[in-house]
Amino acid sequence: MKYVFGPVSSKRLGQSLGVDLLPPKSCTWNCVYCQLGRTKRFETERREFFPRQEILDEIVEALQNNTGIDWITFVGSGETTLYKGLGWLIHEVKQRTSIPVAVITNGSLLHLPEVRQELLEADAVLPSLNAGSEELYLRIDRPAPGFGFLQHIEGLRQFRQEYTGKLWVEVMLIAGLNDSDEALEDLARVLADIRPDTVHLVVPTRPAPESFVGLPEEERVLRAVFILSKAAHVVHPVKGTMNLKGASDLLEAVTSIAVRHPVQERELETALLDCFPGDHEAVRQAMDAMLASGRFDKVTQGSELYWIMKAV
Ligand code: SF4
């Protein structure tokens with residue numbers, strides 16, 4: 001499938017069927033932690049990158065072939081709301097299924113009334129907010145020119161006023177950048193103004209394009225939960241696991257995930273063990289065969305091994 005991938009499992013969204021609306025990488029930001037690598041050229045204009053009907057047809061087909069999906073999630077190779085026609089897709093999907101729809105976004109286009117309007121039918125919107133000050137916003141998110149901090153905050157605030165679904169703000173906590181008490185107090189102040197339903201606190205576990213991006217100490221994570229809880233309900237989701245059961249072609253299934261984010265080797269092994277219960281030899285052979293395809297490179301982040309797509 002070209003646009004649909006997974007389902008992948010996550011603490012936040014359970015079994016989530018991903019829909020990627022963008023060519024890699026199309027984004028208004030260049031985050032220091034981005035799992036897609038650096039943004040080589042900013043994309044700031046909304047467009048219908050691919051025909052909407054083609055995407056809808058794939059979603060419908062995936063829904064016929066998969067059971068037990070908890071969420072249909074628009075997410076992917078950049079900033080989701082750059083796709084013009086997102087509102088149409090959300091509406092059409094909701095006509096065809098009762099499975100809830102989520103949109104993962106950096107929130108940078110929420111200052112545009114038409115973007116806010118297009119998201120109104122989604123059941124959950126998960127925008128990013130990594131800084132409570134302009135200085136840190138510029139250092140972490142490294143936005144395209146014209147995408148200022150106050151515009152970002154105002155977009156989020158405005159959206160909250162118009163949107164009745166679940167607003168789950170994601171905060172990426174990075175060691176030495178936004179994990180100080182001062183940075184967290186700033187964030188808490190901004191969050192209190194936005195009034196999200198929940199704050200999802202996440203940490204950079206996947207390989208980042210900048211070597212200075214590191215995992216915060218556990219004490220800092222607990223401190224972040226404490227400080228941000230003054231403004232909103234905070235959850236610190238554990239990492240999800242992949243679900244490869246039901247995949248007709250394991251190599252293609254893993255490729256469709258790896259083109260969107262690095263795959264932790266340990267997680268891959270666990271997912272394959274679900275496909276071949278108790279048969280570690282079959283898992284090893286499947287992984288060897290995937291590596292032999294020449295599609296993947298292995299990289300280390302902290303103490304973890306990840307599979308990424310080989311550079312072409
Ligand atoms: S907003 Fe998302 S896709 Fe864009 S640079 Fe940041 S992490 Fe990457």
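Reader: Why is Arg142 called partly exposed?

Author: Its relative accessible area is 23%, and the term covers values between buried, under 20%, and exposed, over 50% (1.4 Å probe, protein chains only). Therefore Arg142 counts as partly exposed. This is a predicted model, in which local features need pLDDT of at least 70, side-chain atom pairs count only at pLDDT 80 or more, and totals for chains, interfaces and linings use all residues. Residues are numbered from 1 along each chain as its sequence is written, and side-chain values use heavy atoms, with hydrogens and water left out.

Reader: Where does Arg142 lie, and what is its phi?

Author: Arg142 is in the loop between helix H4 (134-141) and H5; helices (H or I, at least four residues) and strands (E, at least two) are DSSP runs, numbered from the N terminus. Phi of Arg142 is near 40 degrees, a positive value in a residue other than glycine. Arg195, in the loop between H6 and S7, has phi near 60 degrees, also positive in a residue other than glycine.

Reader: What makes Pro216 count as buried?

Author: Pro216 has a relative accessibility of 10%, and the cut-off given above puts it in the buried class, so the label holds. Pro216 sits in the loop between strand S7 (198-202) and helix H7 (218-228). Leaving aside residues up to four places away in sequence, it touches Leu173, Ala175, Asp179, Val203, Pro204 and Val221, where contact means heavy atoms within 4.5 Å.

Reader: How are helices H5 and H6 placed relative to each other?

Author: Two packed helices are described by the angle between their axes and the distance between the axes. For H5 (residues 149-162) and H6 (residues 181-194), the axes come within 8 Å and cross at roughly 35 degrees; axes are lines fitted to C-alpha atoms, for helices over the stretch in contact, and angles run from 0 to 180 degrees between N-to-C directions. The contact is made by Phe149, Ile153, Leu156, Arg157 and Arg160 of H5 with Val190, Asp193 and Ile194 of H6.

Reader: Which residues surround the ligand?

Author: The ligand is surrounded by Lys25, Cys27, Trp29, Asn30, Cys31, Tyr33, Cys34, Gly78 and Asn106, a residue being near if one of its heavy atoms lies within 4 Å.
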